[in-house]
Amino acid sequence: MLPVEVATAVDQLVHTSVDVDYVPKNETTAAHWTYEPSEEVSFHRLIFRHNFCAGARGCWTETNAIRSGPAGHFRHSNECAYPMSTLGKPEAMRFINGWAREHGITPLGRWGAWEHMNSDVAVGLALDAAASVCRA
Ligand SMILES: Cc1cc2nc3c(=O)[nH]c(=O)nc-3n(C[C@H](O)[C@H](O)[C@H](O)COP(=O)(O)OP(=O)(O)OC[C@H]3O[C@@H](n4cnc5c(N)ncnc54)[C@H](O)[C@@H]3O)c2cc1C
């Protein structure tokens, strides 16, 4: 059980959720991703796997869960998709991570930092942390 001050700090952290929906149609494009700024559609980007993944068919949309309607075909809902950088976040994270370190926990990655990072950065930070633990 987390101490109440730590749990209160955790409660201040905000994330968004996304729905990733399958569309059974191969679009004619050489793009891997297309970002869609139009507010007329719910999704904000499309991924065309057939352009980089042999044998893939169709494409996928990514939509903020608060904007998506009912699922059409297959849908993957990702509850913890994007950590939000809110005003109170730096202080809450300093407090949570300070407590974690005192208890032998090394905060790592997207959710350990509550930062919007891609997988290359998450893996790089994990390798650095492993090297530093092995040196200690
Ligand atoms: C929709 C979407 C698209 C993305 N596209 C790209 C992309 O194209 N390229 C790219 O580089 N990055 C992309 N990213 C970002 C990438 O997914 C993250 O940067 C990466 O997964 C972060 O790795 P991580 O190890 O920090 O966290 P995660 O991959 O989220 O791993 C954390 C793990 O901890 C587990 N976990 C959580 N709580 C507990 C618990 N209490 N006990 C045990 N296990 C727990 C979770 O189930 C999860 O498996 C995308 C992210 C999203 C959401």
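So, the crossing of α1 and α2: in this predicted model, those two helices cross in a left-handed way. The contact itself is built from Val6, Ala9 and Val10 on the α1 side, and from Ala92, Phe95, Ile96 and Trp99 on the α2 side. If you sort those contact residues by class, you get 7 nonpolar, no polar and no charged.

Now the geometry. Helix α1 covers residues 4–11 and helix α2 covers residues 89–102. Their axes come within 9 Å, and the crossing angle is roughly 140 degrees. What do we call that? Angles over 145 would count as roughly antiparallel, and 65 to 115 as roughly perpendicular, so α1 and α2 end up oblique to each other.

Okay, zooming out to the domains. The chain splits into domain 1, which is 4–13 + 84–135, and domain 2, which is 16–83. Their C-alpha centres sit 29 Å apart. Where they touch, domain 1 puts in 6 residues and domain 2 puts in 4. On the domain 1 side of that contact, we have 3 nonpolar, 1 polar and 2 charged.

Which residues come nearest to it? Out of the 13 residues around the ligand, those are Gly109, Arg110, Asn118, Ser119 and Ala122. As for elements, the ones giving two or more residues to the shell are strands β1 (15–23) and β5 (75–83), plus helices α3 (109–113) and α4 (119–135).

And which domain does the shell draw on? Well, domain 1 and domain 2 each supply at least three residues. By class, the shell around the ligand has 6 nonpolar residues, 4 polar ones and 3 charged ones.

Key
Residues numbered from 1 in each chain as written. Predicted model: local features only at pLDDT ≥ 70, side-chain atom pairs only at ≥ 80, totals over all residues. Near = placed C-beta within 6 Å. Helix = DSSP H or I, 4+ residues; strand = E, 2+ residues; numbered from the N terminus. Nonpolar A, V, L, I, M, F, W, Y, C, P; charged D, E, K, R; others polar. Domains from an automatic or database assignment. Axes fitted to C-alpha atoms, helices over the stretch in contact; angles between N-to-C directions. Parallel < 35°, antiparallel > 145°, perpendicular 65-115°, else oblique. Left-handed = near helix turned anticlockwise from the far one by under 90°. Contact = placed C-beta atoms within 7 Å.
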